Amino acid sequence: MTAETSQTLDRGLRVLKLLADTDHGLTVTELSHKLGVNRTVVYRLLATLEQHALVRRDLGGRARVGLGVLGLGRQVHPLVREAAMPALRALAEDIGATAHLTLVDGAEALAVAVVEPTWTDYHVAYRAGFRHPLERGAAGKAILAARRPPQPPEEDTDAPGYTLTHGELEAGACGAAAPLLGVTGVEGSVGVVMLADVVPERVGERVMHAAREVAEALR
């Protein structure tokens with residue numbers, strides 16, 4: 001800790017991160033051990049976070065992330081969108097197709113940023129805010145593929161690192177998408193959608209490159 005930082009705030013943020021990393025919650029004793037502070041300090045931190053609905057405690061006394069974080073989470077999309085726009089613009093102009101950043105929202109894929117190419121005679125209209133099931137479309141399927149544990153090379157059906165689909169969301173439209181990898185707290189993909197019978201070979205690699213660029217911008 002430096003003279004310019006707050007030890008109490010630092011501990012409170014560490015509590016939230018610890019709780020966010022567990023599905024079953026943590027007890028005061030467990031938090032005390034993980035933080036290296038006494039139980040009294042943990043009780044005070046939890047009480048303060050509870051007042052802001054950022055933490056809740058169940059009947060068994062286990063602390064979990066509270067619903068108040070949803071209000072903060074709603075402000076994340078604009079920040080993610082801003083960070084992703086340079087890579088999306090370059091992707092759309094290079095490929096000549098509509099590029100998008102898609103994030104997970106429950107069981108759905110939500111397009112949070114869309115960039116259309118400026119030089120093409122026609123392209124697929126795709127809007128920010130568009131939702132579809134994760135099981136349909138390249139964007140959602142790329143996310144689901146990233147959730148699966150790595151497989152041996154001979155069994156790995158997603159070895160290229162990107163997903164291709166045809167006509168799943170719009171008749172005559174192809175999609176290519178690659179997942180965002182290594183970004184804590186963000187689950188999503190970067191992709192393009194185009195009017196074509198098949199996706200050109202170079203598109204998959206280009207989409208993967210854009211996904212890496214977005215991931216770097218978000219770290």
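1. What covers the buried residues of helix 1 includes helix 2 (28-35), helix 3 (39-51), strand 1 (55-57) and strand 2 (63-65). Contact here means heavy atoms within 4.5 Å. Helices (H or I, at least four residues) and strands (E, at least two) are DSSP runs, numbered from the N terminus. This is a predicted model, in which local features need pLDDT of at least 70 and side-chain atom pairs count only at pLDDT 80 or more, while totals for chains, interfaces and linings use all residues. Residues are numbered from 1 along each chain as its sequence is written, and side-chain values use heavy atoms, with hydrogens and water left out.

2. Helix 1 covers residues 7-20, 14 residues in number, and spans 20 Å from its first C-alpha to its last, close to the expected 20 Å at 1.5 Å a residue; the expected span is 1.5 Å times one less than the number of residues. Its buried residues are Arg11, Gly12, Val15, Leu16 and Leu19. Buried means under 20% relative accessible area, exposed over 50%, and partly exposed in between (1.4 Å probe, protein chains only). Viewed down the axis of helix 1, the buried residues fall within an arc of 140 degrees, so they line one face of the helix; the arc is that of the directions from the helix axis to the C-beta atoms. Leu9, Lys17 and Ala20 are exposed on the other side of helix 1.

3. Ser32 belongs to helix 2. With a relative accessible area of 9%, Ser32 is buried. Leaving aside residues up to four places away in sequence, Ser32 touches Val37, Asn38, Arg39 and Val42.

4. Six strands form an open sheet with the order 5-4-3-8-7-6 and antiparallel pairing; two strands pair if DSSP finds at least two bridges between them. Strand 5 (131-133) and strand 6 (163-166) are the edge strands, each pairing on one side only. The twist from one strand to the next averages 30 degrees. Axes are lines fitted to C-alpha atoms, for helices over the stretch in contact, and angles run from 0 to 180 degrees between N-to-C directions.

5. Within this sheet, six bridges pair strand 3 with strand 8 in the antiparallel sense. Thr102 is opposite Ser189 of strand 8. Strand 6 and strand 7 run antiparallel and are joined by four bridges, and Thr163 has Ala177 in strand 7 as its bridge partner. Their hairpin has six residues between the strands, and in this hairpin Gly167 takes a positive phi near 70 degrees.

6. In a regular strand the side chains alternate between the two faces of the sheet.

7. Helix 5 lies across strand 3, strand 4 and strand 8, at about 65 degrees to strand 4. Helix 6 (residues 137-147) lies across strands including strand 5, strand 6 and strand 7, and runs at about 30 degrees to strand 7.

8. The largest nonpolar core has 33 residues, and those with the most contacts inside it are Leu88, Leu91, Leu101, Val190, Val192 and Val203. A nonpolar core is a set of buried Ala, Val, Leu, Ile, Met, Phe, Trp, Tyr and Cys residues joined through side-chain atoms within 4.5 Å. Helix 5 gives the most to this core, with eight residues. A second, separate core of 15 residues includes Leu35, Val37, Leu54 and Ala63.
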